[in-house]
Every structure is written in structure tokens, then in C-alpha cells.
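Subject: Structure handover

Hello,

Here is the structure I promised to pass on. Please look it over first; my notes follow below.

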Amino acid sequence: MTMKLDSWLLEILACPNCGGDLRADQEADELVCTGSCGYAYPVRDDIPVLLVDEARTPAP
């Protein structure tokens, strides 16, 4: 399933943990932080879930 997120939305969203930019990972249905934390936030039914408690943390 392919996420349907408008490009303008990605331009204004930021990681709630570190404030970094987010990039879409279509294969994993996630928004991945390109900033210092690297958290990945799920996208459910084309709605980003930008809650730190719901984020997947990067592998050490």
C-alpha cells in the first residue's frame, strides 16, 4: 500500500522529538527523521502518527 501524503505536508512537518525534517519511507509506511534522533513514525490510513511513544527507534 502506498502512502498518499501531499508534498506541502512533508515540508511543514517536523520530528516532535528533535525538530528534524521527515522523509517518507513508502515501503515501511513511515516518516523517518533525518535529524539527530532518526525516529520513524508510522503512517496509518495516510495519517502521520507523530507521537514519540508510537515511534520506532533506530537500531543501535
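The structure holds one aromatic pair. Its members are Y39 and Y41, and the pair is tilted, with 6.4 Å centre to centre and 55 degrees between the planes. (Rings of Phe, Tyr and Trp, the last by its six-membered ring, pair if their centres lie within 6.5 Å; planes under 30 degrees apart are stacked, over 60 edge-to-face, and the rest tilted.) Both Y39 and Y41 are buried. (Buried means under 20% relative accessible area, exposed over 50%, and partly exposed in between, with a 1.4 Å probe and protein chains only.)

Some ground rules. This is a predicted model, in which local features need pLDDT of at least 70 and side-chain atom pairs count only at pLDDT 80 or more, while totals for chains, interfaces and linings use all residues. Residues are numbered from 1 along each chain as its sequence is written, and side-chain values use heavy atoms, with hydrogens and water left out.

The overall picture

The protein chain has one helix and four strands. Along the sequence they follow the pattern α-β-β-β-β. (Helices, H or I with at least four residues, and strands, E with at least two, are DSSP runs numbered from the N terminus.)

How does the radius of gyration fit a compact globule? A compact globule of 60 residues would be near 10 Å, and the protein chain has 10 Å, so the two agree. (The radius is taken over C-alpha atoms; the globule rule is 2.2 Å times the number of residues to the power 0.38.) The C-alpha atoms fill a box of roughly 30 × 20 × 15 Å along the principal axes.

Of the 60 residues, 32% count as buried. The chain exposes about 4,100 Å², and carbon and sulfur atoms supply 49% of that. (Areas come from the Shrake-Rupley method with a 1.4 Å probe; for residues, only the protein chains shown count as cover.)

Among contacts with a separation of 6 or more, 26% join residues 24 or more positions apart. (Contact means heavy atoms within 4.5 Å.)

The strands

E30 sits in strand β2, residues 30-33. It counts as buried because its relative accessibility is 10%. Beyond four places in sequence, E30 is in contact with several residues, including M3, R23, Y41 and R56.

P48 lies in strand β4. Setting aside residues up to four places away, P48 touches L5, L9, L13, L31, P42 and V43. P48 and R23 are 25 residues apart in sequence, and 12 Å apart in space, C-alpha to C-alpha.

The loops

D29 belongs to the loop between β1 (22-25) and β2. Its phi is near 55 degrees, a positive value in a residue other than glycine. Is D29 buried or partly exposed? D29 is partly exposed, because its relative accessible area is 24%.

D46 is in the loop between β3 (40-44) and β4. Phi of D46 is also positive, near 65 degrees, and D46 is not a glycine. At 33% relative accessibility, D46 counts as partly exposed.

P58 is found in the segment after β4 (47-48). Its relative accessible area is 39%, so P58 is partly exposed. Leaving out residues up to four places away, P58 touches C37, G38 and Y39. That Y39 is one of the two rings in the tilted pair. P58 and D45 are 13 residues apart in sequence but 23 Å apart in space, C-alpha to C-alpha.

Best wishes
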